[in-house]
Amino acid sequence: MSFQIFENDFWSINETITKLLKMTNAISVLLIDKAGQLITSTGDISQLDTTAFASLSAADFAATNQLAKLVGEKNFNTLFHQGENKNLYVQLIADKVILVVVFDSRTSLGLVRVRIKHATDELNAIIQDIMNKIKTNKDENVVGLDTDFKKQAESELDELFK
Amino acid sequence: MSLINYASREISCKIVYYGPGLGGKTTNIKYIYSKISPNAKGNLISLATELDRTLFFDFLPVNLGNIRGFKTRFHLYTVPGQVYYNASRKLILKGVDGIIFVADSQVERLEDNIDSLQNMLENLQEYNLNLASVPLVLQYNKRDLPNISTVDELENILNPQKLSSFEAVAVQGIGVFETLKAISKLVIRNLS
Ligand SMILES: Nc1nc2c(ncn2[C@@H]2O[C@H](COP(=O)(O)OP(=O)(O)OP(=O)(O)O)[C@@H](O)[C@H]2O)c(=O)[nH]1
Ligand SMILES: [Mg+2]
């Protein structure tokens, strides 16, 4: 079963993270699934390899969570990486996706932390909602992945890997 | 678990190269990276030890292009094959959509192949996954070396389910794309 994100949910997510970006004056905000795939991002990502970033963030988060277990914590829901100029704040949402805020000295850790709390509540609700939809599979939008799609994908594969 | 985004029209799937240490997983992914056209690939990320053994994973995103309006991508990962890196290996399996098991054909590595395959099944089990839900293909690598098991032997021992399997010499690129193509098709068919 896939993690499916539908039009409306996607726009709600984007609205929330764009608000977070503006309120914090961060550089960028990214939402990543636990398997390392980028769901969406906002802000200045022109200098960022977002695909690699997503993959590494998910791995970083997964590794840190195992560390938590080793010291007897259930998990570390937040991570903070501090650099000379840039910092990362990483937050788990609904046990399913990872929110990453990239920021520098134009804002403060305190502000980022407070604003992430707000955003987390909103995103929690949206992601929960998505998960329920996927479970009940009632959404009208589950289209596109029919046999035609699969056939075309296969010939695309033949072309790419010939 | 593949990600299907109906708003941005994107699909991404995760394929993992699994198998014993030094079997040739990283070699597979490096060969793919070297051959695929620049617009169909992203950066290759390798988290390796100083001696070039995989420490956490290698990662290579591959773009399939636009399929009926969906930008479709495969994310290729390798796990660290060395036995004592199991904690990391397990993490990489999270959300896997398809697995390539890279076996080392050398006779003296047979036991290691069996152990690694068993370890893979155990790690999948921890995510409530099994071979009924996750497609698997096998690659018998290092066919260029002198002291190797026959394909029949490997099939009997490693592949009782008669899944697709491929002979390979990953250092020369032989069998690398065949194997990737086979798992990619299974992953696409398995999308739901
Ligand atoms: N002769 C021969 N050597 C190979 C072949 N494929 C890989 N090798 C060599 O085997 C060694 C190990 O290959 P890797 O690709 O690093 O192995 P790995 O499975 O990623 O190993 P870990 O990262 O420890 O899990 C390297 O020296 C490769 O050049 C092959 O087909 N034939
Ligand atoms: Mg390796």
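Predicted model: local features only at pLDDT ≥ 70, side-chain atom pairs only at ≥ 80, totals over all residues.
1. Overall make-up of chain A. Chain A contains 4 helices and 6 strands. Read from the N terminus, its elements follow the order β-α-β-β-α-β-β-β-α-α. The C-alpha trace of the chain spans about 50 × 40 × 35 Å along its principal axes.

2. Burial and contacts in chain A. Of the 162 residues in chain A, 47% are buried. The chain exposes about 8200 Å², and carbon and sulfur atoms supply 50% of that area. Among contacts in chain A with a separation of 6 or more, 53% are between residues 24 or more positions apart.

3. Strand β2 of chain A. How many residues of strand β2 (residues 28-33) of chain A are buried? The count is 6 of the 6, so the strand is largely enclosed by the rest of the structure. A:S28, A:L30 and A:I32 point one way from β2(A), while A:V29, A:L31 and A:D33 point the other way. Both sets are buried, A:D33 and A:S28 included.

4. A:L31 can be followed into both partners: its bridge partner in β3(A) is A:T40, and its bridge partner in β6(A) is A:L99.

5. β2(A) and β3(A) form a hairpin, with 4 residues between the two strands. In the turn, A:G36 has a positive phi of about 100 degrees.

6. Residue A:E122. A:E122 sits in helix α3 (residues 109-136) of chain A. It counts as partly exposed because its relative accessibility is 31%, which falls between the 20% and 50% limits. Which residues does A:E122 contact, leaving aside neighbours within four places in sequence? They are A:T16 and A:K19. The side chains of A:E122 and A:T16 are also joined by a polar contact of 3.1 Å. A:S12 is 110 residues away from A:E122 along the chain, yet the C-alpha atoms of the two are separated by 9.1 Å.

7. Residue B:E10. B:E10 belongs to strand β2 (residues 10-18) of chain B. Is B:E10 buried or exposed? At 17% relative accessibility it counts as buried, because the cut-off is under 20%. Its side chain makes a polar contact of 3.2 Å with the side chain of B:S8. Not counting residues up to four places away in sequence, B:E10 touches B:L3, B:I4, B:N5, B:F70, B:K71 and B:R73.

8. Residue B:T72. B:T72 is located in strand β5 (residues 70-78) of chain B. With a relative accessibility of 1%, B:T72 counts as buried. Residues up to four places away in sequence aside, B:T72 touches A:F149 in chain A. In chain B, again with those sequence neighbours left out, B:T72 touches B:I11, B:V62, B:N63, B:L64, B:G65, B:I67 and B:I188.

9. The shell around ligand 1. Ligand 1 is surrounded by 20 residues, the closest being B:K25, B:T27, B:R53, B:T54 and B:G81. By class, the shell has 8 nonpolar, 8 polar and 4 charged residues. Which element gives the most to this shell? It is helix α1 (residues 25-35) of chain B, with 3 residues.

10. Polar atoms at ligand 1. A polar side-chain atom of B:T27 lies 2.5 Å from an oxygen atom of ligand 1, and a backbone N or O atom of B:G24 lies 2.9 Å from an oxygen atom of ligand 1. On the nitrogen side, an N or O atom in the side chain of B:D144 is 2.8 Å from a nitrogen atom of ligand 1. On its own, ligand 1 has 660 Å² of accessible area, of which the protein covers 80%.

Terms used. Residues numbered from 1 in each chain as written. Chains lettered and ligands numbered in written order. Heavy atoms only, no water. Buried < 20%, exposed > 50% of the residue type's maximum accessible area, 1.4 Å probe, protein only. Contact = heavy atoms within 4.5 Å. Polar contact = N/O pair within 3.5 Å; in protein donor to acceptor, adjacent residues only side chain to side chain. Near = heavy atom within 4 Å. Areas by Shrake-Rupley, 256 points an atom, 1.4 Å probe, with all protein chains shown as cover. Nonpolar A, V, L, I, M, F, W, Y, C, P; charged D, E, K, R; others polar. Pairing = 2+ DSSP bridges.
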